[in-house]
Amino acid sequence: MRLPQPDGTLSAYRLPEPTDWPVPQQPLTARKAYAAAHVVPVMTADNTPGAPAVLDWETTLELRRRIWGLGLGVADAMDTAQRGMGLDWAATAELIERSSAAAAAELGRGNPALAGLGVRDLIACGAGTDQLTPGADLAQVRHAYAEQLEVVEAAGAKVVLMCSRALAATARDWSDYRDTYAELLRRADQPVILHWLGTMFDPALAGYWGSADIPTATRNFLSLIEEHADKVDGVKVSLLDARHEVALRAALPAGVRLYTGDDFNYPELIDGDGDQHSDALLGIFAAIAPAASAALQRYDASDPQQGREILDSTRELGRHIFAAPTFHYKTGIAFLAWLNGDQPGFQMVGGMQSARSLVHLGQTLRLAGEAGLLRRPDLAAERFAALSSIGGVR
């Protein structure tokens with residue numbers, strides 16, 4: 001095949017054979033991991049910016065079954081599923097209910113990799129405030145959060161309290177964040193995951209936790225966790241700053257997990273420093289799920305060196321998919337699913353498949369092939385050739 005280059009030339013390339021990744025035969029225990037999954041629209045739906053999301057439910061749920069089949073949990077209804085970038089609240093609420101029911105059904109299939117696990121181990125879902133219209137006041141923000149918290153808990157999933165654009169726009173200072181989250185944590189029936197999403201993922205979240213100064217925001221964040229540690233399962237941090245994550249991890253109260261959301265530095269953060277390691281709640285894990293599962297299997301087998309080597313072999317792909325503008329990483333996740341035959345067309349809710357160039361996508365294909373993550377190279381080559389032809393590259 002031929003891949004387009006930044007200088008306008010085409011480069012001959014032959015995809016390597018895929019890796020035969022092992023499937024776990026018992027639950028993964030050395031690290032807790034959730035892969036953040038994307039959604040697939042009905043191909044004949046409107047799928048234009050601002051149109052209501054119409055999802056292909058069977059394809060969307062089959063993507064999640066593939067992840068569970070590898071012994072990984074699924075993080076759903078989060079930014080990878082296009083929260084705030086095309087997935088409206090009506091579709092989100094249905095996604096939470098359907099995915100949680102599918103997770104419960106998966107536990108009854110007899111997969112040895114899921115033996116002894118519960119629904120909350122298989123699925124964690126985001127609760128936010130995206131049903132609000134602009135201009136909501138603080139009381140409305142808290143009510144919207146509570147509504148979504150109730151939907152996730154009613155479905156049986158673990159709650160991820162997502163960062164809220166509405167709260168960022170409304171909060172006057174740290175006390176508004178503190179009081180909002182304290183109220184939500186008191187409402188929660190079971191411990192939740194707190195979500196800290198950096199501005200590289202969503203510029204509207206500037207100043208979250210009451211300050212644009214990261215050390216100050218971190219102190220505020222930690223004070224909230226310490227006060228409500230019994231209601232915090234863990235924190236999901238996506239600041240793409242490994243040193244900050246290591247320091248935060250060391251400062252967390254006992255029993256509170258650090259779920260890395262660092263799609264650049266996940267290999268060393270998951271590997272750890274000998275004393276502590278990060279667990280994972282990662283968008284890149286949806287793209288590299290077979291390799292991620294294989295790596296975690298090696299950690300379970302007391303072979304951290306090989307586990308780290310497998311994760312390192314995917315790092316370049318992760319850095320490319322999440323390259324600036326980072327919030328368009330979802331396009332790469334959907335693109336790889338299409339190349340692997342996991343969805344019928346390269347479409348996304350809101351037309352977001354157009355957010356990356358052919359050159360970027362060609363490099364995504366190459367890096368995925370070199371990481372052994374294209375299950376059918378012939379299909380991937382055929383589909384990319386068709387996409388290139390439609391894009392005027394021959």
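Arg65 is buried, at a relative accessible area of 19%, where buried stands for under 20% relative accessible area, exposed for over 50% and partly exposed for anything in between (1.4 Å probe, protein chains only). The structure described here is a predicted model, in which local features need pLDDT of at least 70 and side-chain atom pairs count only at pLDDT 80 or more, while totals for chains, interfaces and linings use all residues. Residues are numbered from 1 along each chain as its sequence is written, and side-chain values use heavy atoms, with hydrogens and water left out.

The side chain of Arg65 meets that of Glu62 in a salt bridge, at 3.1 Å from N to O. For this term, a side-chain nitrogen of Lys or Arg has to lie within 4 Å of a carboxyl oxygen of Asp or Glu. Glu62, at a relative accessible area of 33%, is partly exposed. Both partners belong to helix 1 (residues 57-69), and because they are three residues apart there, about one helical turn separates them. Helices (H or I, at least four residues) and strands (E, at least two) are DSSP runs numbered from the N terminus.

How many salt bridges does the structure hold? The number is 23. One of them joins the side chains of Asp202 and Arg165, with 2.7 Å from N to O. This pair links distant parts of the chain, 37 residues apart: Asp202 sits in the loop between strand 7 (192-197) and helix 7 (214-227), and Arg165 in helix 5 (residues 165-170). Asp202 counts as buried, at 11% relative accessibility, whereas Arg165 is partly exposed, with a relative accessible area of 37%.

A further salt bridge is found between Arg308 and Asp271, whose closest N and O atoms are 3.5 Å apart. Arg308 belongs to helix 12 (residues 304-312) and Asp271 to helix 9 (residues 266-271), so this pair ties together parts that are 37 residues apart in sequence. Both residues fall into the partly exposed class, Arg308 with a relative accessible area of 24% and Asp271 at 23% relative accessibility. Salt bridges with shared partners bring Glu268, Asp271, Arg308, Asp312 and Arg315 into one network.

Turning to the rings, a search of the whole structure finds 17 aromatic pairs. Rings of Phe, Tyr and Trp (its six-membered ring) pair if their centres lie within 6.5 Å; planes under 30 degrees apart count as stacked, over 60 as edge-to-face and the rest as tilted. Tyr208 and Trp209 make an edge-to-face pair, 5.1 Å centre to centre with 85 degrees between the planes, and both residues are buried. They also take part in one aromatic cluster, formed by Tyr145, Tyr177, Tyr181, Trp196, Tyr208, Trp209 and Phe221. In helix 14 (residues 329-339), Phe335 and Trp338 are three residues apart, about one turn of the helix. Their ring centres are 6.2 Å apart and their planes at 45 degrees, so this pair is tilted. Phe335 and Trp338 are buried.

A charged side chain also meets a ring: Arg31 lies over the face of Tyr299, at 4.5 Å from the ring centre. Such a contact requires NZ of Lys or CZ of Arg within 6 Å of the ring centre and within 35 degrees of the ring normal.

Where is the open space? The largest pocket has a volume of about 680 Å³. On a 1 Å grid over the protein atoms alone, a pocket is an open set of points where a 1.4 Å probe fits, with protein on both sides within 12 Å along at least five of seven lines, and lining residues have an atom within 4 Å of a point. Of the 34 residues lining this pocket, Arg83, Gly84, Asp130, Arg165 and Asp202 are the closest to its centre. Helix 5 gives the most to the lining of the largest pocket, with four residues. The lining residues of the largest pocket divide into 17 nonpolar, ten polar and seven charged, where Ala, Val, Leu, Ile, Met, Phe, Trp, Tyr, Cys and Pro count as nonpolar, Asp, Glu, Lys and Arg as charged, and the others, Gly among them, as polar.

The second largest pocket holds about 540 Å³ of space. Among the 26 residues that line the second largest pocket, Arg66, Ala289, Pro290, Asp342 and Arg375 are the closest to its centre. Helix 1 gives the most to this lining, with four residues.

Key
Points joined across faces, edges and corners; volume = space filled by probe spheres on them.
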